[in-house]
Amino acid sequence: MTQAINPSTYQLLRRQLRPLSLKLRLSDGIVLASRTLWMALTGSAVVAAIGWITPVPQLLWWVLAPIALWLAAIAGISAFRPLPPRRAAQRVDRILNLRERLSTAIELYETGSDSPLAPYQQADAGALALQLHPRQIPIVAPRQPLLLALLPALVTVALLTLPNPMNQILAERAAVAAMIEQVNQQLAELEQELAARDDLTPEQRAELEAILRQLQAELARNPGDRQEALADLAQAEMRLRQQLNPQTDARQAALEQLARRLEQLSNNPTSPRPTLDQLRQQLENLAASLDQMSAAEREALAQELAQQAAQLASADRATAQALQDAAQALERGDTQAAAEALQQAGQQVQNAQAAAADQRAVQQALSNTQAARQQIAQAGQPGQGQQGQAQQGQGQGQRGQQGQQGQGQGQQGQQGQQGQPGQGGGSTADNLGQQQSNASSNVDPNRPSSQQGQGHNDGLVYQPFRPSGQTGDPDFIAGQQGSGGSSEVRPGQGQQGGLNNPSVVPYEQIFPEYQRTATEAIERGSVPIYLQDLVREYFSRLEP
């Protein structure tokens, strides 16, 4: 049996069919793409419609994803779908109307036919294959499927170009995510600052670090969910509030009052507002100087210590007991026991100083978390750009401001003193919270004392209400000047003593209660952060 077509002719046919097969694959891919384009565009339209119902980050890329998948599928099918030589020859014969001349030659070779006409068919197929070129294969895309794809294409373009209400939500989420990252940086800086402080107890430092680290970890996992971030901050605030001791501020205020009193007794005031460290030093110095005191001085000191112990009993029972023991020891004449009691009081003051430092650290962390909560709550809100920047600056400056507050916990300025009564038995209410100024020779007798010597205190929180709109103190009655410069007093118009009103409570007794109420309100977070310093300063100026 002789072979119809020799291998060289068969290889020639396959070599000539290879570029024609590539053209056929390209044509098949274009036809398949035109028939399935509507599917990809419909998927994109569905994704774009979902982006109008729910916020979808990077919506454009998600809309392009179905088209990308469709293109990958078309390329894969066109490149890897099998196209044997016999099938390629059949398609070329059909497209170019070659009357199956190429496909017959390949079939005769593969089947091993021994027909007498095989050599002639072999020569004809080989000569014809040499004349073929890929550009002879036309590419025709069906139009009807393309027209069908216009509708989802128009819908997709419209959904992408028209204003999408979800874009505002996405912008808010992005702003919240950026603010969360910034807040996390602030919390990390706060953690480093607290770690560098040497006045905190190890237990308090470890607890604060644990709270701050847990909060940072929770915020780091937040992709921009405002409610989740606020919930995490609220949880951290609750844990910080549990670290606060409501009695610490009252204890510190009472000890500072004791320090001022001891400075007054020493007739050598060193500062307008002594600290607890100065109080501890005063008690140690007092214990060391008992032997140099006379009996009368020790008796007066015993009475003073007993009085201060009674005033301090409600705020700091341990220190009050030590002062009471010192007073009793002085009454017995036992200076050694009195010195030991005073040293014990100094130790209690040192403990109070450590507790106050812990309290300030907790308040500092709490203020920062509250500022962070306000920043995140306002992030991305319409019209909150400048206010958000102000809150951001306030949050960044909160640590430095609180770190310099010292023992006062945010109280600023010198200690205010209660005003002195004016002439005519007038009210001194306008003098509350203002500093006493030195008397000068050019005092206007027609000007009330509340308006003299104010200086830089014109911006006090407390401003008396004047219904008449007139300046001056309505309760201030100026005397009439005579020709000699002396005040003229007419019969029946002399200075009369005021009536004793038993319903009036002394100012020194009601002030601690009001101050304690304000302190508790600040600790509960009832007072906004930007007003807390003003409230503290207000009561600092009113303190008797």
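Q: What covers the buried residues of α2?
A: The cover includes α1 (7–53) and α6 (143–161). Helices here are DSSP runs (H or I, at least four residues), numbered from the N terminus. This is a predicted model, where local features need pLDDT of at least 70, side-chain atom pairs count only at pLDDT 80 or more, and totals for chains, interfaces and linings use all residues. Residues are numbered from 1 along each chain as its sequence is written, and side-chain values use heavy atoms, with hydrogens and water left out.

Q: Which residues in α2 are buried?
A: Leu 59, Val 63, Pro 66, Trp 70, Ile 74 and Ser 78. Buried means under 20% relative accessible area, exposed means over 50%, and partly exposed is in between (1.4 Å probe, protein chains only).

Q: Where does α2 bend?
A: At Ala 65, by about 30 degrees. A proline, Pro 66, follows within four residues. The bend is the angle between axes fitted to the seven residues ending at a residue and the seven starting there.

Q: New topic. At what angle do α8 and α9 pack?
A: About 175 degrees, with their axes 10 Å apart. α8 covers residues 202–220 and α9 covers residues 226–242. Axes are lines fitted to C-alpha atoms, for helices over the stretch in contact, and angles run from 0 to 180 degrees between N-to-C directions.

Q: Parallel or antiparallel?
A: α8 and α9 are therefore roughly antiparallel. Angles over 145 degrees get that label, under 35 count as roughly parallel, 65 to 115 as roughly perpendicular, and the rest as oblique.

Q: Which residues of α8 meet α9?
A: Among them are Leu 208, Ile 211 and Leu 215. On the α9 side, Leu 233 and Leu 240 are included. The contact divides into 8 nonpolar, 1 polar and 4 charged residues. Ala, Val, Leu, Ile, Met, Phe, Trp, Tyr, Cys and Pro count as nonpolar, Asp, Glu, Lys and Arg as charged, and the others, Gly among them, as polar.

Q: And Thr 369, buried or exposed?
A: Thr 369 is buried, with a relative accessible area of 1%. Its helix is α14 (residues 335–378).

Q: What is Thr 369 in contact with?
A: Leaving aside neighbours within four places in sequence, Leu 215, Leu 233, Glu 237 and Leu 240. Contact means heavy atoms within 4.5 Å.

Q: How do α11 and α14 cross?
A: At roughly 170 degrees, and their axes come within 8 Å. α11 and α14 are therefore roughly antiparallel.

Note on methods. Helices (H or I, at least four residues) and strands (E, at least two) are DSSP runs, numbered from the N terminus.
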